[in-house]
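Student: Could you walk me through reading salt bridges and a chain interface in a model?
Tutor: Gladly; let us look at it together.

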Amino acid sequence: MAAQGCTLSLWLWLWPPLLLPLLLGARAAATRWSGEGTTPHLQSIFLGRCAEYATLLSLQSGNKNCTAIWEAFKVVLDKDPCSVLPSDYDAFINLSRHSIPRDKSLFWENNHLLVMSFSENTRRLMPLCDVLYGKVGDFLSWCRQENASGLDYQSCPTSEDCENNAVDSYWKSASMQYSRDSSGVINVMLNGSEPKGAYPVKGFFADFEIPYLQKDKITRIEIWVMHEVGGPVVESCGEGSVKILEDRLEALGFQHSCIDDYPPVKFLMCVDHSAHPDCVMNSASASMQRGSPYLYTTGHVSLMISLLVALTSSSQV
Amino acid sequence: MANYEFSQVSGDRPCCRLSRKAQICLGVGLILLIASIVIAVIFLWPRAPLVWRGEPTTKHFPEIFLGRCLIYTQILQPEMSDQDCKKILNTFKRAFVSKNPCNITREDYEPLVQLVTQTIPCNKTLFWSKSKHLAHEYTWVQGKMFTLEDTLLGYMADDLRWCGDPSSSDMNYDSCPHWSENCPNNPVSVFWKVVSQKFAEAACGVVQVMLNGSLSEPFYKNSTFGSVEVFNLNPNKIHKLQAWVMHNIEAGSSNSCSGSSLNELKLILQKRNITFACQDNYRPVRFIQCVKNPEHASCSQISKQFGS
């Protein structure tokens, strides 16, 4: 009985280490790369978005030939998944580029969904994902198989796997063009609750957008550092990586300003947290706020005095 | 001079050599031939499509519709990725192509409605009336509620135009009926009536409606909400309808909930055994209005503490 129990427990100890390499091996065979595989029906989604943009969304885009734009784009689908350069998208960009209205550019880091909500589909602002050459690829993934023609639907390389992957090169190429075509007041939305810092010193904005801004077309750059409602305030204007950005823009000769929690965007963040103290203004605190800071302080002081009195009187008893 | 006279010689002509039976056969054959030529002309002669005064089918309609279907089922709501988008497009088209665009019926859209089934979670339905843009901004930001245009069928068709023509199996890209042409049973209007009804029938739990308090009648009986949706709510599935009456920010605050228009809605619902609740300027939606007007009195009290 004991021997049987011993064998059983030995078996229980042994099978995970035996099975695990098998499982890992199987997983490794299934996902060669660390990123998501090609989006199913990529061509139809691409063509649909292109048609919708050209027809319904923007007058800037004029008469775009979506079939030709797709033909220019799909050359990268024949290339080795780790040999796609930003310049491979030149023909695609040339056919799909259009002007960006002055003062409507919005650059950002680490707040994609908030940017989409705020820009209102080109009505308020026009971030890269609301420009034709940004819209067609937004949230999509694509790459060729490693050792065969045809798309890889299992996985695609990210920057962790190799630098010259199809998707990163696309965004690098699109970012550079977007910067070149931006003019007037430039808006930048950063995430001040991001633990790694609001301004990534190595990122799309730092490496592929700032260097391509056209100084003669730009009046000034306005930075908004947004903080999550009830979230940590990791950095604000003038602090940490935001200071690094401000210094860099200064050195480049741009006029710039910075606002913490730019109200129009903050209101949007409050929609889902309407009861949170950061978003609430009840009548009591409203009157305190509206009164002079002096009155607020005196109120505070008189409370302290009455507390002290209460303490001393109770200690005397 | 010889007297050439042609005299009628009865019975002495080539046709009369044929028997009576043959004459009849020839006559019938001739009639049939003429008839088939006429029929061929009627059915095969390319006819021009009917001409209307309204905007035509949206350019690139099939590409846009298909793209939206794929984006919705593959990216936005991946639990619906088993839907066959090409089949949905074809079923949609069959409802109105090759037909007179003023004779579209609910039954025409029945195959489409049967094909695309989607369950909306309870307490997540948001109706709207005369407040489309604000309602959509709200669901887009909040991310958990559904207007009709956040369901697959509504998402695909929103802001598009379409119609067919009896002379063609394709959509009409030249013109479609205008609202002033006395053509209420057109493909677009019938579509929205049908899907609005299904949307209301399927709603469960506590449902919301966003109304426009800056109008004299926030609850308008001739609107789709007032004429279709309200009457297709199922009292066995819905126990409460909550109205958010939003006023333009410039208008400041007012009390529409106690007005006669909303009272009418309350009575209709009471008769149907559905509880009614009403709120003026529902706060989360007010925040969306403040995005455009952060300096306005109703908004600046709150924005003063941002960034502090």
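Tutor: First, the ground rules. This is a predicted model, in which local features need pLDDT of at least 70, side-chain atom pairs count only at pLDDT 80 or more, and totals for chains, interfaces and linings use all residues. Residues are numbered from 1 along each chain as its sequence is written, chains are lettered from A and ligands numbered from 1 in the order in which they are written, and side-chain values use heavy atoms, with hydrogens and water left out.

Student: How many salt bridges does a search of the whole structure find?
Tutor: A salt bridge here is a side-chain nitrogen of Lys or Arg within 4 Å of a carboxyl oxygen of Asp or Glu. Over all chains, the search finds 18. In one of them, E52(A) pairs with R68(B), with 2.6 Å between the closest N and O atoms. E52(A) sits in helix α2 (residues 42-57) of chain A and R68(B) in helix α2 (residues 61-76) of chain B, so this pair joins two chains. Helices are DSSP runs (H or I, at least four residues), numbered from the N terminus.

Student: Are E52(A) and R68(B) buried or exposed?
Tutor: With a 1.4 Å probe and protein chains only, buried means under 20% relative accessible area, exposed over 50%, and partly exposed in between. E52(A) is buried at 18%, and R68(B) is buried at 7%.

Student: Which helix holds K243(A) and D247(A)?
Tutor: Both lie in helix α9 (residues 240-252) of chain A, four residues apart, about one turn of the helix. K243(A) is partly exposed at 38%, as is D247(A) at 40%.

Student: What about K292(B) and E137(B)?
Tutor: Their salt bridge spans 3.9 Å between the closest N and O atoms. The pair links distant parts of the chain, 155 residues apart: K292(B) is in helix α10 (residues 283-292) and E137(B) in helix α5 (residues 132-142) of chain B. Shared partners join E120(A), R123(A), R124(A), E137(B) and K292(B) into one network of salt bridges.

Student: How is the size of an interface often given?
Tutor: It is often given as the accessible area lost when the parts come together. Buried area is that loss (1.4 Å probe), summed over both parts. Chain B and chain A bury about 3200 Å² between them, 68% of it on carbon and sulfur atoms. F287(B), V291(B) and F306(B) supply 19% of the area that chain B buries against chain A, more than any other three residues.

Methods
Buried area is the accessible area (1.4 Å probe) that two parts lose on being put together, summed over both.
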